[in-house]
Amino acid sequence: MSPVSPGTQVNPRHSGHAQLVVVHPPFAAPLRPDERPSATAHDPGAARAAVLSLSTVSVIRHEHAPSRLEHPGSPAGREELDGVRAAVWGSTVKIGDPALVEDGVLASALEDEFQAQKKKHPDARIVAVCERDFGASCTKILVAVPGTPDLMVEGFDELEITGDRRATLAAVGIDPDRLGKGYDVSGEGFFDYDGFLHMLTGGALSVYADEERFESAFVVDRSQEGEDSICEVWFP
């Protein structure tokens with residue numbers, strides 16, 4: 001696909017974000033949904049290396065000083081789509097990259113990167129998640145936990161589940177029967193996916209009002225894969 005010209009604005013009715021978490025062993029005791037993760041020092045050099053490992057990134061053009069962890073934003077224009085955020089806290093790597101957003105139809109950037117990270121880090125727990133709103137809202141969650149089959153949750157109004165949430169929780173040391181309301185894995189009624197992701201990632205995807213953790217922000221040049229994904233999803 002041809003590159004999108006600088007200054008091109010994203011349709012204001014379209015929004016979304018994508019995040020990737022890789023947790024390397026040895027694994028800490030799992031958090032409950034109401035437990036806050038400890039503030040571990042951020043490693044900017046390791047964050048830089050993690051960004052360069054992405055298939056969507058060619059080179060890093062600029063690196064900002066680390067700042068406090070924030071909720072992921074949605075890009076307003078082409079330039080903002082070259083912004084990637086990353087944090088490395090001990091054995092946990094967290095990356096936010098808008099080029100990994102999928103549209104719930106044909107795009108596959110998130111799943112492609114998830115599979116690539118699985119090959120690079122077969123002993124790690126890997127979680128990839130994206131949300132996209134372009135008149136209809138879609139969600140996709142991908143989970144790889146050693147010792148159990150992968151889990152995929154995706155869809156628009158109704159989420160389809162491939163895999164076993166109970167087995168995934170058990171593989172990280174959590175008994176879903178002791179979690180209470182919001183974690184019925186029978187497939188009936190409400191399921192708290194925010195809490196589910198909090199437990200699986202050790203709180204890496206949670207953000208607090210008085211956040212003490214830091215992350216780095218980068219401006220990147222895109223690989224051909226990254227540019228194609230941006231064109232396909234953000235400027236269809």
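Predicted model: local features only at pLDDT ≥ 70, side-chain atom pairs only at ≥ 80, totals over all residues.

Visitor: Is Phe156 buried or exposed, or something in between?

Guide: Buried means under 20% relative accessible area, exposed over 50%, and partly exposed in between (1.4 Å probe, protein chains only). Phe156 has 35%, so Phe156 is partly exposed. Together with Val105 and Leu106, Phe156 forms a nonpolar patch on the surface, with about 330 Å² of accessible area. Patches take residues with over 30% relative accessible area and no salt bridge, joining like charges within 9 Å and nonpolar side chains (Val, Leu, Ile, Met, Phe, Trp, Tyr) within 5 Å. The areas come from the Shrake-Rupley method with a 1.4 Å probe, and for residues only the protein chains shown count as cover.

Visitor: And what counts as a salt bridge?

Guide: A side-chain nitrogen of Lys or Arg within 4 Å of a carboxyl oxygen of Asp or Glu. By that rule the count is 16 salt bridges. Take Arg78 and Glu227, whose side chains meet at 2.7 Å, N to O. Arg78 lies in the loop between strand E3 (67-68) and strand E4 (83-89) and Glu227 in helix H5, so this pair ties together parts 149 residues apart in sequence. Both Arg78 and Glu227 are buried.

Visitor: Which residue forms a salt bridge with Arg222?

Guide: That's Asp82, with the closest N and O atoms 3.4 Å apart. Arg222 is in strand E10 (residues 214-222) and Asp82 in the loop between E3 and E4, so parts 140 residues apart in sequence are tied together. Arg222 and Asp82 are both buried. These two pairs also belong to a network of salt bridges that links Arg61, Arg78, Asp82, Asp97, Asp221, Arg222 and Glu227.

Visitor: How do I read a helix, say H2?

Guide: Start with the general idea: an α-helix has 3.6 residues a turn, so residues three or four places apart point the same way. The expected span is 1.5 Å times one less than the number of residues. Helix H2 (residues 109-120) has twelve residues and reaches 17 Å from its first C-alpha to its last, close to the 16 Å expected.

Visitor: Which residues of H2 are buried?

Guide: Ala109, Leu110, Glu113, Phe114 and Gln117.

Visitor: Where is Ala18, and what does Ala18 touch?

Guide: Ala18 is found in strand E1, and with a relative accessible area of 3% Ala18 is buried. Contact means heavy atoms within 4.5 Å. Leaving aside neighbours within four places in sequence, the contacts of Ala18 include Ile95, Leu100, Leu110 and Val129.

Methods:
Residues numbered from 1 in each chain as written. Heavy atoms only, no water. Helix = DSSP H or I, 4+ residues; strand = E, 2+ residues; numbered from the N terminus.
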